[in-house]
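Reader: Please take one part of this model and go through it closely. I would like the salt bridges, and then the pockets for context.

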Amino acid sequence: MNTSKTASLLSPYIPTPTRILQNFFSVFVGVSLFPSFIMSWQQLDVPLPSGLKSDEATPEWMNKGDNAWELTAAALVGIQSVPGLIILYGSMVKKKWAVNSAFMALYAFAAVLICWVVWAHEMAFGEKMCPILGKPGFVVLGQKYLQKMERNGYIPNATFVFYQFAFAAITVILLAGSVLGRMNFYAWMVFVPLWLTFSYTIGAFTIWGRGILERHIIDFSGGYVIHLSSGMAGFTAAYWVGPRLAEDRQHFPPNNIISMLGGAGFLWMGWTGFNGGSPFAANLIASLAVLNTHICTATSLFVWLSMDMLVYKKSSVMGAVQGMITGLVCITPAAGIVEPWAAGLMGAISGSIPWYTMMVLHKKSSFFKKVDDTLGAFHTHAVAGTLGGLLSGLLAKPSLLKLYYGNTERGPGLLYGLIQGELMDGLKQMSFQIIGAVFVASWNVVITSFICIFLSRFLNLRMDEGALEIGDDAAHGEEAYALWGDGERSPPYPQRRRLTIPTLFRSC
């Protein structure tokens, strides 16, 4: 073999210091010029794929992916109410109240939509009229407004209006859980638009809109605006409406536990859109919010179930559903701004403290005994929502706050303030969380009381005793189950008739 000839053939491929420097310089220049190349390519008149082109129906500012996700999230939140809470309420109550309870939820969903697009959306998210309220307006009904870019993301206003409507609707329906089994349906029909107008819109504008606390409170998806509001308003309304019949208070079993679990399933999975849609974009915060939501919920369910087994020696399906709900509520104000370990911690707290207030404190306190909160919305929503808001002020991570809110006056959470030497900032944020909780709770107690007192001057808030004995049939002329003993007015089998023998053949 001619080694000199082989070496000459391989010499171009043998690395030398000079060649290494030349290659490094080439790579460095290529990488540094790559962005310029991309920018130059974008400036060229190169045709884009047809699916990416903007047109009259797809403005340049709109992000198709974000808009598609936000519409999906809004639909998921709507499904939590219809059919989710319709099924949950219709199954969780005593058999004679199944129709009335489900119908209260369905009516509220429809009534809120009409009020929302006519005036309530502008009161919650429109131009400022005062520090806690926006100007009522009808611009939502106009095509020009609905097709504009929403200020929180690359989506049209129409998507934002529908998403926020679904939030408003579920808030009113959650409130209804406190007054099931005795509230006059006609009073409920008037109560819904009044409470939406004078209570919900104030909380939404103050914390989410352009209100006085908008730049200070951490409320990712509505721990205060939705859950603390519905829990406090429901408890207050239950006081003014009055209690159920004594028999119903003592014995109020669910009429269909399997359907109840189905409704609870709609509620749990629908929360993917509830918290995942709040960033108004399909981004990192949305993904984190979804994961944290399910971590907290599963942990809360496990802790509540464990408490039931330790104290009552039985695993309760009703208890598991309550623990699921408290977990969903607690993580709501913090879903996208805490780490997963914090979500697990919040789940442990939401599965234990509301359990204590509902299963122990409620039974011992004479004050709680006076108020007939049918489904315990005060504990599952007011208590859990307050816990979530305060834990947000404790566990909010600065980097996640910046990703979600941008440059903001919020944060850091008190824990990170201690770690990073920013204790005063952490205490400031915690104080704002407390102020927000006090404001929302107080406003809902006062306004709900005024609404109930006002309505009582014209309508009976509570059904009369005779109707309460009967239930659905007295309220609506309908019953949930067409079975003997549940609604039919004739026996299930025809009565036997005695055989009669004609007189002509009797002598045979």
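Author: Arg182, Arg244, Arg249 and Asp372 are joined in a network of salt bridges. This is in a predicted model.

Asp372 pairs with Arg249, and their closest N and O atoms are 3.6 Å apart. Asp372 sits in the loop between H15 and helix H16 (377–395), while Arg249 belongs to helix H9, so the pair ties together parts that are 123 residues apart in sequence. Asp372 counts as buried because its relative accessibility is 2%, under the 20% limit. Arg249 has a relative accessible area of 34%, so it is partly exposed, between the 20% and 50% limits.

The side chains of Lys94 and Asp248 form a salt bridge, at 3.0 Å from N to O. Lys94 is in the loop between helix H3 (64–92) and helix H4 (98–125), Asp248 is in helix H9 (residues 246–250), and the two are 154 residues apart. Here both ends are covered. Lys94 is buried, at a relative accessible area of 14%. Asp248 is buried too, at 1%. Side chains of opposite charge can pair when their charged atoms come close.

A further pair is Arg462 with Glu465. Their side chains meet in a salt bridge of 2.9 Å, N to O. Arg462 is partly exposed, with a relative accessible area of 22%. Glu465 is partly exposed as well, at 44% relative accessibility.

The structure holds zero of them. As for individual cysteines, Cys115 counts as buried, at 6% relative accessibility. Cys130 counts as partly exposed, at 27%.

H14 supplies the largest share, four residues. H15 is also one end of the loop that holds Asp372. By class, the lining of the largest pocket divides into 10 nonpolar, seven polar and eight charged residues.

The second largest pocket has a volume of about 540 Å³. Its lining has 26 residues, of which Asn152, Glu214, Phe280, Tyr404 and Tyr405 are the closest to its centre. Helix H6 (157–176) and helix H17 (398–405) are the elements that give two or more residues to this lining. H6 gives the most, with four. The classes here are 14 nonpolar, seven polar and five charged residues.

Back to the request, then. Arg249 in helix H9 is paired with Asp372, and Asp248 in helix H9 is paired with Lys94. Arg249 also belongs to the network with Arg182, Arg244 and Asp372.

Methods. Residues numbered from 1 in each chain as written. Predicted model: local features only at pLDDT ≥ 70, side-chain atom pairs only at ≥ 80, totals over all residues. Heavy atoms only, no water. Nonpolar A, V, L, I, M, F, W, Y, C, P; charged D, E, K, R; others polar. 1 Å grid on protein atoms, 1.4 Å probe; cavity = no way out; pocket = protein on both sides within 12 Å on 5 of 7 lines; lining within 4 Å. Points joined across faces, edges and corners; volume = space filled by probe spheres on them. Salt bridge = Lys/Arg side-chain N within 4 Å of Asp/Glu carboxyl O. Buried < 20%, exposed > 50% of the residue type's maximum accessible area, 1.4 Å probe, protein only. Disulfide = S-S within 2.5 Å.
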